[in-house]
Amino acid sequence: MATTQLGSVIDALQSVFQAAVGAAVPVYDGAPISSSADTVLVLVGHDGNDEVDTKNYAEQVWGNLATTTRYERGTVVCVAISQSGDTDLEVHRDAALALVTSCATALRSDLTLGGVVMSAQLATEGIRQLQNTAGAGVVAEFTVTYLAQV
């Protein structure tokens, strides 16, 4: 038996989100290690920053007095990114938030992530808008929280 469901949850989210956004939008487990410059993408388990401070976490508690069952509450950080060489922030904001909406809709249609958890939900959302001489981009960060029995 696994000591945590965190890895399985990240795997399941990547699969669910890829099906939701379609094959044209890559969904990466963590930060992509590639020389390609995707203009739209989703990252699961990573906040889109170059720093290595993304915090996906799980906390466990005993589920009963006999200490035979444990429950795990966890959080997975995800981002939807839209970027290009232009300067139209509205287009990128709309595209990034549409990706979040697709992911949230898919999550609501399978709250157990195929039986991996007891329940999962989109918990928080926020955006970072970036613009410089190289172009514009929007990073829409969202978290997924879950409850599992381990």
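**A helix and its surroundings**

Mentor: The structure holds zero disulfides, a disulfide being a pair of cysteine sulfur atoms within 2.5 Å. Cys78 is in none, with the nearest cysteine sulfur, that of Cys103, 7.4 Å away. Seen from the other end, Cys103 is in no disulfide either, and its nearest cysteine sulfur is that of Cys78, at 7.4 Å. Cys78 counts as buried because its relative accessibility is 0%; Cys103, also at 0%, is buried as well. Buried means under 20% relative accessible area, exposed means over 50%, and partly exposed lies in between (1.4 Å probe, protein chains only).

Before we go on, a word on the ground rules. Residues are numbered from 1 along each chain as its sequence is written, and side-chain values use heavy atoms, with hydrogens and water left out. As the model is predicted, local features need pLDDT of at least 70 and side-chain atom pairs count only at pLDDT 80 or more, while totals for chains, interfaces and linings use all residues.

Cys103 brings us to helix H2, where it is among the buried residues. Helices (H or I, at least four residues) and strands (E, at least two) are DSSP runs, numbered from the N terminus. H2 covers residues 89–109, 21 residues in total, and reaches 30 Å from its first C-alpha to its last. That is close to the 30 Å expected at 1.5 Å a residue, the expected span being 1.5 Å times one less than the number of residues. At the start of H2, a side-chain oxygen of Asp88 comes within 3.3 Å of the backbone nitrogen of Glu90.

Now for the two faces of H2. Its buried residues are Leu89, His92, Ala96, Leu99, Val100, Cys103, Ala104, Ala106 and Leu107. They lie on the same side of H2, because they cover an arc of only 165° around the axis; this arc is that of the directions from the helix axis to the C-beta atoms. An α-helix has 3.6 residues a turn, so residues three or four places apart point the same way. On the other side of H2, Arg108 and Ser109 are exposed.

What do the buried residues of H2 pack against? Their partners are H1, strand E2 (40–44), strand E4 (70–84), strand E5 (119–132) and strand E6 (135–149).

Leu113 is buried, because its relative accessible area is 5%. Among the residues that touch Leu113 is Ala12, which is found in helix H1 (residues 6–21) and is buried at 13% relative accessibility.

Technical notes
Contact = heavy atoms within 4.5 Å. Polar contact = N/O pair within 3.5 Å; in protein donor to acceptor, adjacent residues only side chain to side chain.
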